[in-house]
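Try each task before reading its solution.

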Amino acid sequence: MKNSGKTRFKRTKIDSLMNYMVYTIFIVLILLSAGLAIGHTYWEQQVGNSSWYLYDAEDFSPPYRGFLNFWGYIIVLNTMVPISLYVSVEVIRFVQSYFINWDLQMYYPEKDTAAKARTTTLNEQLGQIHYIFSDKTGTLTQNIMTFKKCCINGQRYGDCRDGAGQLQSHPEQVDFSWNVYADGKFSFCDHYLIEQIRAGKDPEIHKFFLLLAICHTVMVDISDGQLNYQAASPDEGALVTAARNFGYVFLSRTQNTITLSEMGTERTYDVLAILDFNSDRKRMSVIVRESGGNIRLYCKGADTVIYERLHPRNPKREATEEALDVRVWFISLLKDIDPEEFEAWNKKFLEASVATTNRDEALDKVYEEIEQNLILLGATAIEDKLQDGVPETIARLSKADIKIWVLTGDKKETAENIGFSCELLTDETTICYGEDTRQILRLGLIQLQVYPCFFPISSALLQTRLENQRNRAGSSAHASQRMDEPFFQGSRDRALIITGSWLNEILLEKKKKKKKLKLKFPRTAEEEKKQREKRQRAEAYKEQQQQNFVDLACECKAVICCRVTPKQKAMVVELVKKYKKAITLAIGDGANDVNMIKTAHIGVGISGQEGMQAVMSSDYSFGQFRYLQRLLLVHGRWSYIRMCKFLRYFFYKNFAFTLVHIWYSFFNGFSAQTAYEDWFITLYNVLYSSLPVLLVGLLDQDVSDKLSLRFPRLYVLGQKDLLFNYKKFFLSLLHGAVTSLIIFFIPYGAYLKTMGQDGEAPSDYQSFAVTAASSLIFVVNFQASQLGFLSSGAAFDSSSHDNKQKAAL
């Protein structure tokens with residue numbers, strides 16, 4: 001719950017723009033009404049007062065009559081304000097959400113999971129994404145952990161070898177038929193490790209697998225004679241399953257005991273204490289009493305926190321580090337804790353367990369006391385395979401000019417390997433590490449130190465940038481100004497790999513310690529002023545650091561943030577939103593991704609192995625990462641184009657309808673007389689022009705879904721806001737004004753000097769109103785088809801223009 005963050009109200013960019021346009025229409029309405037009211041005042045002074053046949057038995061002055069007519073025109077021209085627009089927009093969004101839900105190409109049959117639009121207000125924003133922030137485990141990968149390799153006492157196991165330890169050219173699976181508890185799905189090719197285990201000559205191997213079987217929080221149930229493990233995380237389940245297949249089987253547990261089968265022999269251990277795992281500790285420990293009375297602590301955890309707790313004499317540490325190159329859990333063992341030492345520690349442990357205040361901090365402090373001077377037994381390597389279609393999806397989204405950032409809690413080497421596996425990184429990519437950029441991001445740098453990977457950076461340009469930063473940092477009013485000088489020169493592909501600790505350091509995000517109660521004496525006014533100025537300078541410095549980081553990272557094609565916490569994930573998303581004003585999308589599958597999903601403009605949850613927390617907090621959900629390309633490039637793009645066409649057409653038809661009243665005012669003394677009959681004014685938006693505009697907003701397709709995926713560059717229309725902006729709005733207004741002129745003056749000219757067969761003029765008000773109304777219906781409905789055709793042409797023209805620019809570069 002602490003990682004979930006606060007719930008944010010999300011609105012689309014088009015929503016905000018549409019509201020501002022409605023405000024603009026209100027202003028135009030007031031200005032037009034005021035102008036027509038002034039016209040009526042002038043007409044009353046020049047014509048009305050001298051025309052006895054227009055006397056209405058009211059002795060009102062011309063200014064007062066003009067004031068009354070101002071409100072009359074507010075009522076007559078009120079159809080200019082698109083009141084029904086918001087209802088129509090919600091109907092379109094609602095139906096578009098069902099189009100996503102009904103898409104069979106986003107259905108994941110293995111888990112019977114369909115795509116789900118959990119909101120109906122963000123569909124068109126899917127067509128405007130600039131940055132995607134993705135979790136790794138369970139999002140890019142399957143989050144189905146498999147035990148691949150291990151290193152015990154400095155010896156590496158897991159390669160394809162025979163029973164004598166010789167490498168094999170053709171992999172041959174190990175036969176686990178000797179183990180009645182073996183899992184038939186487990187695959188392993190190193191026969192040499194099996195021979196060592198069954199021989200029982202190496203006590204280190206026994207201790208290693210005993211630790212895997214005993215140091216965990218897995219629950220077990222037996223159904224149809226089979227053991228079924230329920231683990232809190234896939235990592236833990238993979239380790240316990242591996243120990244089970246190698247002959248060290250976890251059978252059952254009670255509150256104070258745990259029972260194992262060690263190579264066919266059942267043993268029960270007394271569990272004295274469980275030192276829980278959490279995201280800060282990144283390790284867990286179990287203290288047990290063996291049958292001989294010995295008390296031992298078994299510990300497993302991430303390498304970054306285990307190193308500092310190892311005993312100084314660990315000769316196998318370097319060999320273990322070199323042996324494994326994928327995701328690693330280092331396993332440690334503290335043997336034979338003295339009973340007196342344990343009794344003293346256990347008293348502190350019990351006191352901390354029942355503490356009413358700061359319980360977590362007290363427990364962490366007690367855990368630290370016992371988790372020291374650990375002896376390294378070995379390490380395990382667990383593999384998490386990529387999901388199907390991830391490299392193709394990333395490549396296609398990159399062609400759509402969408403930048404992808406991977407935010408993960410794994411170690412740097414693992415994250416980098418996954419980056420190459422999913423083709424986010426390539427051999428041509430210049431990789432820059434966060435530690436190498438520290439000198440560039442620091443303000444007030446005196447001596448520049450350019451690292452090898454930054455050879456494209458101009459020293460003079462960097463010096464100029466830093467001098468500008470110093471000048472601007474002196475004033476808080478200018479400290480946040482954006483600088484246009486790039487960090488890099490040239491057009492090479494670059495990627496940035498950073499860690500969570502580096503983020504905290506460079507962005508000045510330190511953990512806040514609880515302040516102790518202290519007596520504070522009142523400060524003088526001068527001291528208060530100095531303190532305030534100090535805080536302002538610190539805030540300006542921090543803001544400039546964040547600005548520099550975002551500018552540097554956004555110049556890279558890809559960014560990988562490793563060893564980051566859920567809070568840091570959300571912070572990175574928030575920084576890009578703040579300084580780039582770009583539309584962001586976050587995608588994840590676990591509870592640690594909820595904060596990031598809520599922070600981004602659009603959150604996508606994947607139904608994976610880590611529960612439904614991410615899905616329940618998301619705006620859209622589906623079963624696999626590869627469906628993201630269809631969500632954005634097809635549904636997102638279609639929704640954006642449809643909504644833009646709908647809004648432009650809606651504004652156009654309202655202007656064409658309403659502005660006819662203005663031209664009619666010049667011939668009726670600006671008396672707020674309507675140009676149409678009352679029934680037509682009532683039914684125009686409800687009946688005569690409602691269906692075509694809804695069909696445009698729901699069913700219009702400029703290209704098919706296959707072409708949308710084949711040509712990802714078509715997506716840039718939404719990123720650049722090319723189809724709906726203030727320019728398009730005023731063009732719609734101008735288009736509507738010209739249409740209203742034609743609709744009014746052509747019937748007016750036709751009826752002006754006509755004569756019927758009976759010798760009377762047919763130019764009565766009703767005939768003119770019906771003719772103008774009929775013309776309006778035909779014209780605006782014809783324009784609906786023309787609008788779709790023109791928008792399709794604009795899409796292809798823009799795409800071809802972008803391709804020509806890229807070819808020129």
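**Exercise 1. Check the span of helix α26 (residues 726–752) against its 27 residues.**

Step 1: The expected span of a helix is 1.5 Å times one less than its number of residues. Helices here are DSSP runs (H or I, at least four residues), as are strands (E, at least two), both numbered from the N terminus.

A word on the source: this is a predicted model, in which local features need pLDDT of at least 70 and side-chain atom pairs count only at pLDDT 80 or more, while totals for chains, interfaces and linings use all residues. Residues are numbered from 1 along each chain as its sequence is written, and side-chain values use heavy atoms, with hydrogens and water left out.

**Exercise 2. Find which residue caps the N-terminal end of α26, and which residues of α26 are buried.**

Step 1: The cap is Asn 725, with a side-chain oxygen 3.1 Å from the backbone nitrogen of Lys 727. Step 2: Buried means under 20% relative accessible area, exposed over 50%, and partly exposed in between (1.4 Å probe, protein chains only). Step 3: The buried residues of α26 include Phe 729, Ser 732, Gly 736, Ser 740, Ile 743 and Pro 747. An α-helix has 3.6 residues a turn, so residues three or four places apart point the same way.

**Exercise 3. Decide whether Gly 184 is buried or exposed.**

Step 1: Locate Gly 184 in the loop between β4 (155–157) and α4 (191–199). Step 2: Its relative accessibility is 77%, so Gly 184 counts as exposed. Step 3: Gly 184 also lies 9.0 Å from Asn 245, C-alpha to C-alpha, although they are 61 residues apart in sequence.

**Exercise 4. Describe the largest nonpolar core.**

Step 1: A nonpolar core is a set of buried Ala, Val, Leu, Ile, Met, Phe, Trp, Tyr and Cys residues joined through side-chain atoms within 4.5 Å. Step 2: The largest has 55 residues, and Phe 646, Leu 647, Phe 651 and Leu 776 touch the most other members. Step 3: Helix α20 (residues 627–658) gives the most to this core, with 13 residues.

**Exercise 5. Work out how α1 (residues 13–46) and α20 are oriented.**

Step 1: Their axes, lines fitted to C-alpha atoms over the stretch in contact, come within 12 Å and cross at roughly 10°. Step 2: Angles run from 0 to 180 degrees between N-to-C directions; under 35 degrees counts as roughly parallel, over 145 as roughly antiparallel, 65 to 115 as roughly perpendicular and the rest as oblique. Step 3: α1 and α20 are therefore roughly parallel to each other.

Note on methods
Polar contact = N/O pair within 3.5 Å; in protein donor to acceptor, adjacent residues only side chain to side chain.
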